[in-house]
Amino acid sequence: QLSCLLRMVTLHGIPEDLDSYPKDLLLFLSPSDYAATGSCSQYFNTIGSANLDVLPRESPQRKGLLLEALACLKIPGTQISEEDAQTLGQLLCDLGGDYIRNSGGALLEHLSHCGAFLPDQEGAIRDVLSSGNTTFGPPAAWSAFTLRELSGLIPVFDHSILQQIPK
C-alpha cells in the first residue's frame, strides 16, 4: 500500500513537502530522490524513526537502505559514533555483529529498542555487555536502574551475564 501511495504522490515529480508525508512512506523512496528536497543525512534522520518493519528484515530494499545510510554518513569502518547512531535510528537494528562490537556501548541503548536480533547480533551484544567497557559498567555493578535501561536487551543475556548481576 505504501509503495502504491508513493507512486501516486510522485506521479508528477518529487513534491517539495516530502517531510509532511508519513515517515513510513519515505522508506520506499530512494535517498537520491529525496536529495531534491534535502540532504541524504536528513533523509536517514527522518526515516530513522519510521517503522522499518514495513520492509521484511532480509529484503534487498531494507539492506540497501542500510548500505546507503552508511555511505551517506561516510562511516569508514565498522565503528558507529553516537551522532551517527542517532541519525540511523531503527536502521541500527540491522547492523552486523562487527559494528556492534566495534562501537562498544555507544549502540546498546539504541539496540534495546529493536524487536529481535540475529544470532550474530546477540553474540556481539553479549560480548560488549560482558566486557564491562560501557557506561553501564560490568554486570556485577548493575542496579535495578541499569536493568530498566537495558530492558530490551534482557532476552539476549546468557547465563554468564545473569549470574554476575547482583540480587
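1. Let's start at Gly77, which sits in the loop between helix 5 and helix 6. Please keep in mind that this is a predicted model. Gly77 has a relative accessibility of 33%, so this glycine counts as partly exposed. Its C-alpha atom is separated by 9.7 Å from that of Asp98, a residue 21 places away along the chain.

2. Now for the overall plan. Of the 167 residues, 42% are buried. If you look at contacts with a separation of 6 or more, 49% of them are between residues 24 or more positions apart. The chain exposes about 8900 Å², and carbon and sulfur atoms supply 53% of that area.

3. Which residues touch the most other members of the largest nonpolar core? They are Ile47, Ile80, Leu88, Leu91 and Ile125, in a core of 41 residues. Two or more core residues come from each of helix 4 (40-47), helix 5 (60-72), helix 6 (82-88), helix 7 (97-103), helix 8 (108-111) and helix 9 (119-131). Helix 5 gives the largest share, with five residues.

4. Leaving aside residues up to four places away in sequence, Ile125 touches Ile100, Leu108, Leu111, Phe117, Leu153 and Val156.

5. Next comes the disulfide, and the structure holds one. Cys93 and Cys114 are the partners, with an S to S distance of 2.0 Å. The torsion about their S-S bond is about -90°, so this disulfide is left-handed. Because Cys93 lies in the loop between helix 6 and helix 7 while Cys114 lies in the loop between helix 8 and helix 9, the pair ties together parts that are 21 residues apart in sequence.

6. Are these two cysteines buried or exposed? Cys93 is buried, with a relative accessible area of 5%. Cys114 also counts as buried, at 6%.

7. On to charged residues. Side chains of opposite charge can pair when their charged atoms come close. The model has six salt bridges. One of them joins Asp94 to Arg57, with an N to O distance of 3.8 Å. Asp94 is in the loop between helix 6 and helix 7 and Arg57 in the loop between helix 4 and helix 5, so this pair ties together parts 37 residues apart in sequence. Asp94 counts as buried at 17% relative accessibility, whereas Arg57 is partly exposed at 24%.

8. Another salt bridge joins Arg101 and Asp127, at 2.8 Å from N to O. Arg101 is in helix 7 and Asp127 in helix 9, and the pair links distant parts of the chain, 26 residues apart. Arg101 is partly exposed, with 35% relative accessibility, and Asp127 is partly exposed too, with a relative accessible area of 41%.

9. Finally, Glu58 and Lys63 meet through their side chains in a salt bridge of 3.3 Å, N to O. Glu58 has a relative accessible area of 48% and is partly exposed. Lys63, at 44%, likewise counts as partly exposed.

How values were computed:
Residues numbered from 1 in each chain as written. Predicted model: local features only at pLDDT ≥ 70, side-chain atom pairs only at ≥ 80, totals over all residues. Heavy atoms only, no water. Core = buried A, V, L, I, M, F, W, Y, C linked by side-chain atoms within 4.5 Å. Buried < 20%, exposed > 50% of the residue type's maximum accessible area, 1.4 Å probe, protein only. Helix = DSSP H or I, 4+ residues; strand = E, 2+ residues; numbered from the N terminus. Contact = heavy atoms within 4.5 Å. Disulfide = S-S within 2.5 Å. Areas by Shrake-Rupley, 256 points an atom, 1.4 Å probe, with all protein chains shown as cover. Salt bridge = Lys/Arg side-chain N within 4 Å of Asp/Glu carboxyl O.
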